[in-house]
Amino acid sequence: MCVIIDLFIRFLYYSLFAWIILSWIDIPSTHPLGNIKSTLDTIFSRVLNPIRRYIPVVRLGGAGLDLSPIILILGINYLRPFLYGFFC
């Protein structure tokens, strides 16, 4: 069971980092990466929208910095020992 939890957390990390990098790049939806990007947008928008309600975008001049993925990573790192302690 511990291996499954570890694989899920690793998959979540890697897909979150892929989503962050793909959000910086303008990819057309007809491109194969565009399909992956839209799927990751759908998944992570559901996860990050509750965090975004409480933590607004930080404005840096004309650009904005979304801190919600960082908060999600910190939350996962905080919950990981409890998940291991409960299931392992």
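What follows is a set of questions and answers, starting with the ground rules.

Student: What kind of model is this, and what pLDDT do local features need?
Tutor: Residues are numbered from 1 along each chain as its sequence is written, and side-chain values use heavy atoms, with hydrogens and water left out. The model is predicted, totals for chains, interfaces and linings use all residues, side-chain atom pairs count only at pLDDT 80 or more, and local features need pLDDT of at least 70.

Student: Which pattern does the protein follow along the sequence?
Tutor: Helices here are DSSP runs of H or I with at least four residues, strands are E runs of at least two, and both are numbered from the N terminus. On that basis the protein has three helices and two strands. Read along the sequence, the order is α-α-β-β-α.

Student: What radius of gyration does the protein have, next to a compact globule of 88 residues?
Tutor: The radius is taken over C-alpha atoms, and the globule rule is 2.2 Å times the number of residues to the power 0.38. The C-alpha atoms fill a box of roughly 45 × 30 × 15 Å along the principal axes. A compact globule of 88 residues would come out near 12 Å, but the protein has 15 Å.

Student: How much of the protein is buried?
Tutor: Buried means under 20% relative accessible area, exposed means over 50%, and partly exposed is in between, with a 1.4 Å probe and protein chains only. Of the 88 residues in the protein, the buried share is 23%.

Student: How far apart are the end C-alpha atoms of α3?
Tutor: The expected span of a helix is 1.5 Å times one less than its number of residues. Helix α3 covers residues 68–87, so its 20 residues should span 28 Å. The model agrees with that, at 27 Å.

Student: Where does α3 bend, and which proline follows?
Tutor: The bend at a residue is the angle between axes fitted to the seven residues ending there and the seven starting there. In α3 that angle is about 35° at Leu79, and the proline that follows within four residues is Pro81.

Student: What covers the buried residues of α2?
Tutor: The buried residues of α2 include Leu40, Phe44, Leu48 and Ile51. An α-helix has 3.6 residues a turn, so residues three or four places apart point the same way. Contact means heavy atoms within 4.5 Å, and the cover includes α1 and α3.

Student: Which helices do the buried residues of α1 pack against?
Tutor: Among the buried residues of α1 are Ile5, Ile9, Tyr13, Leu16 and Ile20. For α3, where Leu72, Ile73 and Ile76 are among the buried residues, the cover includes α1 and α2. The buried residues of α1 pack against α2 and α3.

Student: How many aromatic pairs are there, and is the one between Trp19 and Phe44 stacked or tilted?
Tutor: Rings of Phe, Tyr and Trp (its six-membered ring) pair if their centres lie within 6.5 Å; planes under 30 degrees apart count as stacked, over 60 as edge-to-face and the rest as tilted. A search of the whole structure finds three aromatic pairs. Trp19 and Phe44 have ring centres 5.8 Å apart and planes at 35°, so that pair is tilted.

Student: Which helices does that pair link, and are its residues buried or exposed?
Tutor: Trp19 sits in helix α1 and Phe44 in helix α2, 25 residues apart. As for cover, Trp19 and Phe44 are both buried.

Student: What sort of pair do Phe86 and Phe87 make?
Tutor: Phe86 is exposed at 66% relative accessible area, while Phe87 counts as partly exposed at 38%. Their ring centres are 4.8 Å apart and their planes are at 85°, so the pair is edge-to-face.

Student: Which residues is Ile5 in contact with, beyond its neighbours within four places in sequence?
Tutor: Ile5 lies in helix α1 and counts as buried because its relative accessibility is 11%. Ile5 and Leu83 are 78 residues apart in sequence but 7.9 Å apart in space, C-alpha to C-alpha. Leaving aside those neighbours, Ile5 is in contact with Leu83, Tyr84 and Phe87.
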